[in-house]
Amino acid sequence: ATLAGGCCPGASHNRFAYNEAGQVRIRAGLPIYECNSRCRCGAECPNRVVQRGIRYDLCIFRTGDGRGWGVRTLQRIRKNSFVMEYVGEIITSEEAERRGQVYDRQGATYLFDLDYVEDVYTVDAAHYGNISHFVNHSCDPNLQVYNVFIENLDQRLPRIALFATRPIRAGEELTFDYNMHVDPVDAESTRMDSNFGLVGGSLGGSPRARGRIECKCGAASCRKFLF
């Protein structure tokens with residue numbers, strides 16, 4: 001397969017997402033379509049990035065400022081590189097609403113709305129997931145969320161991939177914005193409005209009042225509250 005050939009479904013209709021080094025080159029908000037089992041290209045095709053999984057050495061650590069567990073990288077990460085996928089159990093938004101009430105009482109939540117086109121499904125990383133479960137929020141994050149489609153092209157079920165927004169030093173904590181809103185850059189990207197966290201809260205359109213969660217990210221641009 002060649003970059004010009006567009007060897008996967010969707011690639012010929014959407015801008016090719018990666019350069020030859022596997023760094024994402026499209027704006028956040030645009031979908032990434034990777035090659036899949038229907039493609040004739042091999043495992044090293046430059047359009048197979050997220051599906052290869054985590055390629056960096058990462059570790060879980062206990063934060064010293066009351067934010068619980070966190071994740072740091074043990075290697076330098078180049079800007080725009082894929083770092084990890086947000087993995088969890090895919091549930092309906094109705095089930096997420098029910099679980100969210102339980103998680104609220106526990107003071108933690110691991111729910112991520114898959115609302116790229118419509119709010120039908122949610123990823124719950126509370127009981128099934130990977131190291132992304134431990135990544136903390138920051139109002140000035142070094143990871144950016146992208147919606148990725150590989151084998152499943154159902155736009156209601158994107159895979160959630162986290163890419164580096166800037167070069168990240170070895171030993172630095174990894175973070176993403178739990179309350180991310182991507183500014184529209186064109187008609188395609190206006191679909192993306194991913195919200196992590198309190199499903200059914202003010203971001204989810206539910207009338208139920210919720211207490212605001214204080215943010216402890218420490219960024220100069222901190223919004224003071226997560227939600």
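A residue is called buried when its relative accessible area is under 20%, exposed when that area is over 50%, and partly exposed in between (1.4 Å probe, protein chains only). This tour applies that definition to a predicted model, in which local features need pLDDT of at least 70, side-chain atom pairs count only at pLDDT 80 or more, and totals for chains, interfaces and linings use all residues. Residues are numbered from 1 along each chain as its sequence is written, and side-chain values use heavy atoms, with hydrogens and water left out.

**The whole chain**

Begin with the complete chain in a cartoon view. It has one helix and eleven strands, where helices (H or I, at least four residues) and strands (E, at least two) are DSSP runs numbered from the N terminus. Read from the N terminus, the order of elements is β-β-β-β-β-α-β-β-β-β-β-β. Of the 227 residues, 49% count as buried. A contact means heavy atoms within 4.5 Å; among contacts with a separation of 6 or more, 67% join residues 24 or more positions apart.

**The loop between E1 and E2**

Select Asn36, in the loop between strand E1 (32–33) and strand E2 (58–62). Is Asn36 buried or exposed? Asn36 counts as buried because its relative accessibility is 0%. Its side chain reaches the backbone oxygen of Ile150 at 3.0 Å. This is within the limit for a polar contact, a pair of N or O atoms within 3.5 Å; within protein, one must be able to donate a hydrogen and the other to accept it, and residues adjacent in sequence count only if both atoms are side-chain atoms.

Next, select Pro46, found in the loop between E1 and E2 as well. Pro46 has 19% relative accessibility, so it counts as buried.

How many disulfides does the structure hold? There are zero, a disulfide being a pair of cysteine sulfur atoms within 2.5 Å. The sulfur of Cys41 has its closest cysteine sulfur in Cys35, at 3.6 Å, which is too far for a bond. For Cys45 the closest is that of Cys41, and their distance of 3.7 Å is also too far. Cys41 is buried at 12% relative accessibility, and Cys45 is buried at 8%.

**Aromatic rings**

Rings of Phe, Tyr and Trp (its six-membered ring) pair if their centres lie within 6.5 Å; planes under 30 degrees apart count as stacked, over 60 as edge-to-face and the rest as tilted. The count comes to nine aromatic pairs. In one of them, Tyr33 and Phe149 have ring centres 5.3 Å apart and planes at 25°, so the pair is stacked. It links distant parts of the chain, since Tyr33 is in strand E1 and Phe149 in strand E9 (residues 143–149), 116 residues apart. Both residues are buried. Then select Tyr18, Phe82, Tyr146 and Phe163, which form one aromatic cluster.

**The nonpolar cores**

A nonpolar core is a set of buried Ala, Val, Leu, Ile, Met, Phe, Trp, Tyr and Cys residues joined through side-chain atoms within 4.5 Å. The largest has 30 residues, of which Leu58, Val83, Met84, Leu174 and Phe176 touch the most other members. Strand E4 (82–86), strand E6 (111–114), E9 and strand E10 (159–164) each supply at least two residues of this core. A second, separate core of 16 residues includes Val24, Leu30, Val50 and Val148.
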